[in-house]
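Please go through this two-chain model by question and answer.

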Amino acid sequence: MTEDLTYPDVVNFAVPFFIAAILAELVWIMIKRRGGRYETRDALTSLLMGAGNVASGIILGFVAYGFFMLLWEITPLDLGTSIWVVLLCFVLDDLRYYWVHRFGHRIRWVWASHVNHHSSQHYNLTTALRQTWTGTFTFMMLVRAPLILLGFHPAMVLFCGGLNLIYQFWIHTEAIGRMPRWFEAVMNTPSHHRVHHGRNPRYLDANYAGVFIVWDKMFGTFVPEYEKEKVDYGLVHNIGTFNPLRVAFHEWVAIWRDATQPGLTMRDRLMYCVMPPGWSHDGSRTMSDGIKRKHLEAHPEDLGTPGFTDMAGRP
Amino acid sequence: MPLQILLPMVVIGIAGVVILLHMLGRSELARFEDEDAARRAWLREYPGTPPTRVILSHDRHAALIETAHGAGVVWPMGMDTTARFLNGADIRRTGDGLHVDLPDFAAPRIRLRLEDDEAELWPTLMERKENA
């Protein structure tokens with residue numbers, strides 16, 4: 001049994017690269033006068049969220065790691081540490097990322113953690129670092145359990161997860177238009193991920209991929225960037241604060257306020273936690289499919305264009 | 001990576017980027033060209049609730065919006081904007097305008113820089129529409 005396996009903490013080692021790339025993107029934008037926007041307080045908030053994410057990993061990382069090591073103790077399988085196993089682990093962990101990310105947009109409890117990543121109205125390399133502080137509380141570490149039980153060592157799984165996050169850094173940019181066609185077909189790219197960050201009705205709930213965009217194509221959530229409609233970044237209902245504490249916790253507070261309203265059934269309270277963002281017990285709010293439907297009612301000419309392939313508003 | 005290296009690198013990196021952005025003039029607040037721009041900013045947040053009246057602040061950094069469902073404000077979030085209805089808001093005068101406390105954890109307050117006559121008039125309009 002592989003016991004004392006260690007891999008470098010690649011995300012921490014990538015910090016100098018992140019800073020250098022942000023400066024390079026900023027210089028590019030200044031020189032070319034296109035390719036994105038930077039704003040001081042927005043960037044500060046994103047960077048502080050990134051630092052807080054690292055801190056929360058240091059403080060709370062033992063919870064997930066302890067859980068994974070427990071699984072490793074009980075599994076009889078051990079796939080070893082060959083390069084092929086690492087590659088397979090990377091691909092399967094990316095599939096795991098797709099589903100965690102999709103849950104992150106469709107289950108409000110998980111969205112409460114992920115929402116901060118979408119709370120900027122900008123889309124630049126600092127946005128990539130606007131990461132959650134509360135991921136541990138979503139219990140999404142459970143989705144990694146099958147990988148450990150299949151015989152991938154926890155250290156390898158976390159290493160692959162780190163590489164996955166580093167890959168996703170560079171796609172948070174408007175400085176790159178489209179990559180070569182073969183690359184766009186297989187990999188997640190700036191163009192695909194811009195769509196994911198869009199608050200336009202056509203771009204909601206699309207492109208959950210981490211590294212390989214093929215998962216979205218397989219599971220029916222792929223929407224290409226539409227030349228006729230520029231992506232509008234941010235949340236459907238944009239926040240009005242740069243305070244990192246409010247950014248990190250605002251949706252948790254909103255869930256608490258919704259679920260503790262007087263006069264609700266226990267089922268309603270539970271639904272406020274697990275239904276998609278926009279669900280309400282009295283139907284007074286609108287979920288993403290309703291937003292798409294309303295858009296199509298007002299703009300029927302958009303039917304058949306990316307993000308609106310049927311009247312139900314499915315992509 | 002040891003914390004002794006990571007921590008200073010993160011602090012210096014964040015401070016450096018922020019100072020650079022400020023020196024490059026990236027700290028300016030959004031300003032509305034005209035009432036139509038404020039109307040569009042409102043509709044971006046509330047597409048189903050069109051304004052019936054738009055009143056720009058003198059410095060064009062904010063606008064009071066009247067709708068069939070009550071009053072709201074659209075104001076800058078850095079170079080961008082956001083908007084909220086004023087239901088349940090606590091509005092008070094300050095030396096240079098108004099301070100609006102909202103019952104919203106994600107948008108807790110709005111600081112409006114207004115001329116004296118605006119600061120006199122706006123609360124009346126805000127409260128009147130709030131009760132509409």
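**Helix packing and chain architecture**

Q: At what angle do α2(A) and α1(B) pack, and how far apart are their axes?
A: Axes are lines fitted to C-alpha atoms, for helices over the stretch in contact, and angles run from 0 to 180 degrees between N-to-C directions. Helices (H or I, at least four residues) and strands (E, at least two) are DSSP runs, numbered from the N terminus. For α2(A) and α1(B) the angle is about 10°, and the axes are 10 Å apart.

Q: Are α2(A) and α1(B) roughly parallel or roughly antiparallel?
A: Angles under 35 degrees count as roughly parallel, over 145 as roughly antiparallel, 65 to 115 as roughly perpendicular and the rest as oblique. The angle here is about 10°. Therefore α2(A) and α1(B) are roughly parallel.

Q: How is this model to be read?
A: It is a predicted model: local features need pLDDT of at least 70, side-chain atom pairs count only at pLDDT 80 or more, and totals for chains, interfaces and linings use all residues. Residues are numbered from 1 along each chain as its sequence is written, while chains are lettered from A and ligands numbered from 1 in the order in which they are written.

Q: Which residues make the contact of α2(A) with α1(B), in the pair whose axes are 10 Å apart?
A: Two residues are in contact if their C-beta atoms, placed from the backbone, lie within 7 Å. From α2(A) come Val15(A), Pro16(A), Ile19(A) and Ile22(A). From α1(B) come Leu6(B), Met9(B), Val10(B), Gly13(B) and Val17(B).

Q: How many residues of each class does the contact of α2(A) with α1(B) have?
A: Ala, Val, Leu, Ile, Met, Phe, Trp, Tyr, Cys and Pro count as nonpolar, Asp, Glu, Lys and Arg as charged, and the others, Gly among them, as polar. By that scheme the contact has eight nonpolar, one polar and no charged residues.

Q: Are α3(A) and α1(B) roughly parallel or roughly antiparallel?
A: Helix α1 of chain B covers residues 3-23. α3(A) packs on α1(B) at about 170°, with the axes 9 Å apart. That angle makes the pair roughly antiparallel.

Q: Which residues of α1(B) make the contact with α3(A)?
A: The α3(A) side consists of Thr40(A), Ala43(A), Leu44(A), Leu47(A), Leu48(A) and Ala51(A). By class, this contact has ten nonpolar, two polar and no charged residues. The α1(B) side is Val10(B), Ile14(B), Val17(B), Val18(B), Leu21(B) and His22(B).

Q: Which element gives the most to the side of chain A that touches chain B?
A: The contact takes 28 residues from chain A and 23 residues from chain B. On chain A, α1 (10-13), α2 (15-32), α3 (40-74) and α12 (244-259) each supply at least two residues. With eight residues, the top contributor is α3(A).

Q: What is the radius of gyration of chain A?
A: Chain A has 14 helices and zero strands. The globule rule (2.2 Å times the number of residues to the power 0.38, the radius being taken over C-alpha atoms) gives 20 Å for 315 residues, so chain A is as compact as a globular protein of that length. Its radius of gyration is 20 Å.

Q: What is the radius of gyration of chain B?
A: Chain B has three helices and seven strands, in the order α-α-β-β-β-β-β-β-β-α. A compact globule of 132 residues would come out near 14 Å. Chain B has 18 Å.

Q: Is His122(A) buried or exposed?
A: His122(A) lies in the loop between α5 and α6 (125-128) of chain A. A residue is buried if 20 or more other C-beta atoms lie within 10 Å of its own, exposed if 12 or fewer, and partly exposed in between, with C-beta atoms placed from the backbone. His122(A) has 22 such atoms, so it is buried.

Q: How far apart in space are His122(A) and Tyr233(A)?
A: Tyr233(A) is one of the residues that His122(A) touches, not counting those up to four places away in sequence. The two are 111 residues apart in sequence. C-alpha to C-alpha, the separation is 6.1 Å.

Q: Is Gly48(B) buried or exposed?
A: Gly48(B) is found in the loop between α2 (35-45) and β1 (51-56) of chain B. Because 11 other C-beta atoms lie within 10 Å, Gly48(B) is exposed.
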